[in-house]
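Keep the coordinates open beside the text.

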Amino acid sequence: MYQQYKYFRITIVYKKKQKLSELSRIIEIAKNTISLEAESVALLANNINDDFVEIVNLIHNSNERVIITGIGKSGVIAMKIVATMNSTGTPAVFMHAAEAIHGDLGIIQENDLVICISKSGNSKEIKELVPHINRKGNILIGMTGEKDSFLAKKSNYLLLTPVKKEACPNDLAPTTSTTVQLVMGDALAMCLLDLNDFKANDFAQFHPGGALGKKLHLTVGELLPDNTKPTVRLDSRMKDVIFEISEKRVGGAVVLDGNKIMGMITDGDIRRILEKHDDIGQLTAEDLMSKSPISVNKELLAVKAFELMTNNKISQIIVVNDNKSYEGIVHILDFIKEGLN
């Protein structure tokens, strides 16, 4: 029995040590990957020079599109750069380097600029494609890590993206190189965004859908519940106030004197008054209301209104029009339902 226990204990200790060793190895690999890629990205800044400025100005001053091409992982990066440029005001189109010589070369129009991405600049597909682009007479911008490569020599302009080593332990799988390509593409796109004076409103036009679109487009007025405008008068009895708040179901009611907003009563106000008074039958809306409620214009972006509510720790906000007339109440849950939190 003792021998079995001893064997079992030794096995557990061995497995624990093995597990700790595996964990340590995983952490080491992950940190090494991040360090290698971060170092290469930092060194990339050395290649942001007059040539880079000339390329940015060339793209900015062109009235045509940017065609971005690549093969393999570089092709995937090309697609990402295209997406970033399109969403930030620079028209761009992806062209697969291999498919280009089988018909897709027709994507390139007469005055389009072409960016060709390749780590080595010497792959078979790039060597087949580049001469066709040169013959068409389009300006070719090469993005490669090798300044003496075929692509570099055949390009009109060059974006150098060198790396010392891939994060792959075999120095084979594109990792560091694709990260550097992506960062160079982002640098181009952001410079063009600035030159195009591309603002948040412009960005919103290209991102109408999803949570991002809502943050850029959705106004607080669009959150107003249909046909819900909880209203009481200064002399309204508490019974009527409670009934109005319960019926309209937005957690509050606005106190009006004619068309003028005098205050606001929330369900929280009612709970607090019940704690202080045994008999509230003689109280009116004027006795209970908050006299300086926060209101916002219905055209204000919903995300801005939500930020205002959060900062002031309130759950309801009054919505008004340009004439300061009461339009309704929006509850903080309406913002959360739209994914704006």
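Buried means under 20% relative accessible area, exposed means over 50%, and partly exposed lies in between (1.4 Å probe, protein chains only). Helices (H or I, at least four residues) and strands (E, at least two) are DSSP runs, numbered from the N terminus. This is a predicted model, so local features need pLDDT of at least 70 and side-chain atom pairs count only at pLDDT 80 or more, while totals for chains, interfaces and linings use all residues. Residues are numbered from 1 along each chain as its sequence is written, and side-chain values use heavy atoms, with hydrogens and water left out.

Start with the overall picture. The protein has 14 helices and 11 strands. Of its 341 residues, 38% are buried. The accessible surface comes to about 19,800 Å². Carbon and sulfur atoms account for 52% of that surface. These areas come from the Shrake-Rupley method with a 1.4 Å probe; for residues, only the protein chains shown count as cover. Now take contacts, meaning heavy atoms within 4.5 Å. Among contacts between residues at least 6 apart in sequence, 63% join residues at least 24 apart.

What does strand 11 pair with? Its partner is strand 10 (residues 316-320); the two run antiparallel and are joined by 5 bridges. Two strands pair if DSSP finds at least two bridges between them. Across this pairing, Gln316 stands opposite His331 in strand 11. The two strands form a hairpin with 5 residues between them.

Look at the turn of that hairpin. Lys324 lies in the loop between strand 10 and strand 11. Its phi is near 70°, a positive value in a residue other than glycine. Lys324 counts as exposed, at 64% relative accessibility.

Gly252 has Thr266 as its bridge partner in strand 8. Val254 stands opposite Met264 in strand 8. Strand 7 and strand 8 also form a hairpin, with 2 residues between them. In its turn, Gly258 has a positive phi of about 70°.

Step back to the loop between helix 10 (238-248) and strand 7, where Arg249 is placed. Arg249 is not a glycine, yet has a positive phi of about 60°. At 71% relative accessibility, Arg249 counts as exposed.

Now turn to charge. Side chains of opposite charge can pair when their charged atoms come close. A salt bridge here is a side-chain nitrogen of Lys or Arg within 4 Å of a carboxyl oxygen of Asp or Glu. How many salt bridges does the structure hold? There are 8.

One of them joins the side chains of Asp186 and Lys80, at 3.4 Å from N to O. This pair links distant parts of the chain: Asp186 sits in helix 7 (residues 176-195) and Lys80 in helix 3 (residues 73-87), 106 residues apart. Asp186 is partly exposed, with a relative accessible area of 27%. Lys80 is also partly exposed, at 35%.

Another salt bridge brings Glu166 and Lys119 together at 2.8 Å, N to O. Glu166 lies in the loop between strand 5 (157-160) and helix 7, and Lys119 in the loop between strand 3 (113-118) and helix 5 (124-136), so the pair ties together parts that are 47 residues apart in sequence. Is Glu166 buried or exposed? Glu166 counts as buried, at 1% relative accessibility. Lys119 is partly exposed, with a relative accessible area of 36%.

A further salt bridge joins Glu128 and Lys124, with the closest N and O atoms 3.0 Å apart. Both residues are in helix 5, 4 residues apart, so about one helical turn separates them. Glu128 is partly exposed at 30% relative accessible area, whereas Lys124 is exposed at 56%.
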